[in-house]
Amino acid sequence: MESSCDETSAAVVEMGDGVRAIRSNIVASQIETHRLYGGVVPEIASRAHIEAISNVTSQALQEAGIGIRDVGAIAVTAFPGLIGALLVGVNFGKSLAYSYNIPLVAVNHIRGHVAAAYLSNPDLEPPFLALVVSGGHTSIYAVNGYTDFCEIGSTRDDAAGEAFDKIGRVIGLPYPGGAALDRLAYEGDPHAIALPTPALTGDTLDFSFSGIKTATLNYLNGMEQRGQEINRADVAASYTARIVDAIVKKTEQALRKTGMKTLVLAGGVAANSHLRAALEALCARLGVRLAMADRTLCGDNGAMIAAAGYFEFCNRNFADTSLNASACDDGGQA
Ligand code: KG4
Ligand code: ZN
């Protein structure tokens with residue numbers, strides 16, 4: 001079960017030796033509701049999850065052709081995310097697990113995104129480097145085992161998805177702007193507008209996207225003040241190209257530093273076709289295997305949480321009825 005942001009989702013997956021199958025993956029998106037406000041309104045998100053979660057879960061079981069008593073374990077996103085939204089899934093998952101005496105596992109949403117790559121690439125195994133690019137996160141992990149993650153780089157300010165959505169909104173694209181910006185970028189010239197490549201210099205594997213966002217806003221404001229017309233496609237193309245350049249640069253640095261031979265790409269922004277193509281070129285050049293989450297599994301969904309939950313289950317990382325949600329990346333451990 002997934003309810004960390006603006007999608008309520010429940011899925012049934014079958015995992016085991018040589019089996020990684022999605023039996024159902026129901027996603028109820030709230031995007032249309034939040035679009036009115038240009039972004040996710042947390043209070044509205046929580047309420048929409050409450051309304052949807054029971055039906056979404058019934059539908060997932062029905063589509064998988066099983067009953068709740070056939071479920072081997074319940075996995076639920078416990079962190080990170082919007083606290084009120086997370087609490088809905090956590091409480092619902094706990095109630096089901098308690099009522100039917102089913103093992104419960106808590107899942108880290110980011111690890112869930114990475115697990116989408118296991119579903120998309122049936123032979124994928126750790127160790128690998130994972131690049132998770134989403135609306136809330138942009139991080140690189142050394143994944144040394146199914147539940148052994150070490151963050152080696154992360155954004156110091158905005159996530160890439162946040163940066164895409166912000167400029168998307170300013171140039172009049174509907175929320176969330178990421179996917180629309182991706183399409184619009186094909187119609188523009190990536191070199192039309194001089195924007196800085198937002199890559200931090202030196203050894204660090206961290207990202208920073210606030211500088212290019214500000215540079216782009218300054219460009220747009222300057223054009224408006226001079227009464228000049230903005231070519232939105234050129235903005236989309238130039239902005240996307242520089243962000244992709246920066247992500248590719250840090251990913252190459254991380255691959256060289258760790259010597260990892262496989263790169264996993266996951267998270268909502270992993271659906272970006274320019275990023276996928278650039279990473280394909282990078283991995284071909286470096287002789288690294290690229291294992292991407294299918295585009296249909298990049299956005300938040302229950303199947304990725306269930307798959308990650310399977311590995312927690314194998315590790316006997318069970319949760320009990322005292323499980324709480326946390327907005328923090330570390331589940332509130334620090
Ligand atoms: O992983 P996700 O569904 O939610 C979070 O965990 O944050 O990511 C959502 C983000 C949004 O910022 C959305 O604009 C972005 O993913 N996104 C894209 C594309 N599709 C979704 N960004 C760039 N290109 C896309 N094709
Ligand atoms: Zn996500």
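**The interface between domain 1 and domain 2**

The centres of domain 1 and domain 2, taken over C-alpha atoms, lie 27 Å apart. In the contact, domain 1 supplies 17 residues and domain 2 supplies 23 residues. The model is a predicted one. The domain assignment of the chain places residues 7-114 and 297-314 in domain 1. Residues 125-295 make up domain 2.

The size of an interface is often given as the accessible area lost when the parts come together. Here, domain 1 and domain 2 bury about 1,700 Å² between them. Carbon and sulfur atoms account for 70% of that area. On the side of domain 1, three residues lose the most area to domain 2: Ile-110, Val-114 and Cys-298. Together they provide 35% of what that side buries.

Polar interactions were then examined. Eight residue pairs are in polar contact across the interface of domain 1 and domain 2, with both residues of each pair at pLDDT 80 or more. The number of salt bridges between the two domains is zero.

Attention next turned to the side of domain 1 that touches domain 2. Helix H1 (31-35), helix H4 (109-120) and helix H10 (302-314) are the elements that each give two or more residues to this side. H4 gives the most, with four residues. By residue class, this side of domain 1 holds nine nonpolar residues.

Technical notes
Residues numbered from 1 in each chain as written. Chains lettered and ligands numbered in written order. Predicted model: local features only at pLDDT ≥ 70, side-chain atom pairs only at ≥ 80, totals over all residues. Heavy atoms only, no water. Domains from an automatic or database assignment. Contact = heavy atoms within 4.5 Å. Buried area = accessible area lost by both parts, 1.4 Å probe. Salt bridge = Lys/Arg side-chain N within 4 Å of Asp/Glu carboxyl O. Polar contact = N/O pair within 3.5 Å; in protein donor to acceptor, adjacent residues only side chain to side chain. Nonpolar A, V, L, I, M, F, W, Y, C, P; charged D, E, K, R; others polar.
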